[in-house]
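We will go from stop to stop, with something to select at each one.

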Amino acid sequence: MVLLADATLAGTRDPDTPDHKYVEFGKQFPFVRRIRVNDEAAAKKGEVVYWYGSAVLIQPHWMVTAAHVVENGGKPVILDEDTKAEYPIAWFLVHPDFKSNNHGYCDIALGYSEKDFGLNFYPGLYKNSDEVDKLVTIAGFGVIGTFHTGLRESDGKRRAGSNKDRKSTRLNSSHT
């Protein structure tokens, strides 16, 4: 079995902020989960290869992820790192305008699990267009590194950070 991390640009960490602060902040976002996808091309050759990405649970049976995470894979599964439960995605829908070579534009997919995710809270859909000068927080699993090293590794930990000044205390505050 080969395990691969999806090359999703999860972001770089400020080298002046200890990594454990990003990991601790990530714990505030239990609705952001790791998604495991089988590599279908490898499966046709009899190999078992997985890659991983991030997904956001938005309702008891619904999740959103990047289209590039699921586009060429099969059998996506949402992983609960705490309970080790797995939630198979029965089907998913990739945005019709997504282009494989253009991660970002229309890079979104919606998935459905027959198994209830069982969370007490799901994030609401943002419907405004007043983002300028607002705090943006991102949480997920992906390739990490610092400003100095660039993206280097994936260790399966959920991290979170924000777009505000690196000297702020945002990493210690609650945004849920």
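Begin by selecting Gln59 and Trp62 in this predicted model: Trp62, in β4, is the bridge partner of Gln59. Now widen the selection to both strands. β3 and β4 form a hairpin with two residues between them, and the two strands run antiparallel, joined by four bridges.

**Around Trp62 and Tyr112**

Stay on Trp62 and show side chains. The structure holds seven aromatic pairs. One of them is Trp62 with Tyr112, an edge-to-face pair with 4.9 Å from centre to centre and 65° between the planes. This pair links distant parts of the chain, since Trp62 is in strand β4 (residues 62–65) and Tyr112 is in strand β8 (residues 109–112), 50 residues apart.

With a relative accessible area of 40%, Trp91 is partly exposed.

**Across to β2**

The charged end of Arg34 sits over the ring of Tyr52, 4.0 Å from the ring centre. Select Arg36 for another such contact: its charged end sits over the ring of Tyr50, 4.8 Å from the centre.

**Strand β5 and its neighbours**

Now select β5 together with β2 (residues 32–39). They pair in the antiparallel sense over five bridges, and Gly74 in β5 is the bridge partner of Asn38.

How many of the seven residues of β5 are buried? Colour residues 73–79 by accessibility: six of the seven are buried, so the strand is largely enclosed by the rest of the structure. Then click on Lys75, which is found in β5. Lys75 counts as exposed, because its relative accessibility is 62%. Its backbone deserves a look as well: phi of Lys75 is near 55°, a positive value in a residue other than glycine.

β5 and β6 pair in the antiparallel sense over three bridges, with Tyr87 in β6 as the bridge partner of Ile78. Their hairpin has six residues between the strands, and there Lys84 takes a positive phi near 70°.

**Two loop residues**

Step back to the loop between α3 (67–70) and β5, where Glu71 is found. Glu71 has a relative accessible area of 25%, so it is partly exposed. Draw a C-alpha to C-alpha distance from Glu71 to Asp107: the two are 36 residues apart in sequence and 9.8 Å apart in space.

Then select Cys106, which has its place in the loop between β7 and β8. Phi of Cys106 is near 55°, a positive value in a residue other than glycine. Buried or exposed? Cys106 is buried, because its relative accessible area is 16%, under the 20% cut-off.

**An aromatic cluster and a pocket**

For the next selection, take Phe25, Phe29, Phe31 and Phe121, which form one aromatic cluster.

Finish at the second largest pocket, which has a volume of about 270 Å³. Which residues lie nearest its centre? Select Lys27, Glu81, Asp82, Phe141 and Arg158 to find them, out of 14 lining residues. If you colour the lining of this pocket by residue class, you will find four nonpolar, three polar and seven charged residues.

Methods: Residues are numbered from 1 along each chain as its sequence is written. This is a predicted model: local features need pLDDT of at least 70, side-chain atom pairs count only at pLDDT 80 or more; totals for chains, interfaces and linings use all residues. Side-chain values use heavy atoms; hydrogens and water are left out. On a 1 Å grid over the protein atoms alone, a cavity is a set of points where a 1.4 Å probe fits but cannot get out, and a pocket is an open set with protein on both sides within 12 Å along at least five of seven lines; lining residues have an atom within 4 Å of a point. Grid points are joined across faces, edges and corners, and a volume is the space filled by probe spheres set on the points. Ala, Val, Leu, Ile, Met, Phe, Trp, Tyr, Cys and Pro count as nonpolar, Asp, Glu, Lys and Arg as charged, and the others, Gly among them, as polar. Rings of Phe, Tyr and Trp (its six-membered ring) pair if their centres lie within 6.5 Å; planes under 30 degrees apart count as stacked, over 60 as edge-to-face and the rest as tilted. Buried means under 20% relative accessible area, exposed over 50%, partly exposed in between (1.4 Å probe, protein chains only). A charge sits over a ring if NZ of Lys or CZ of Arg is within 6 Å of the ring centre and within 35 degrees of the ring normal. Two strands pair if DSSP finds at least two bridges between them.
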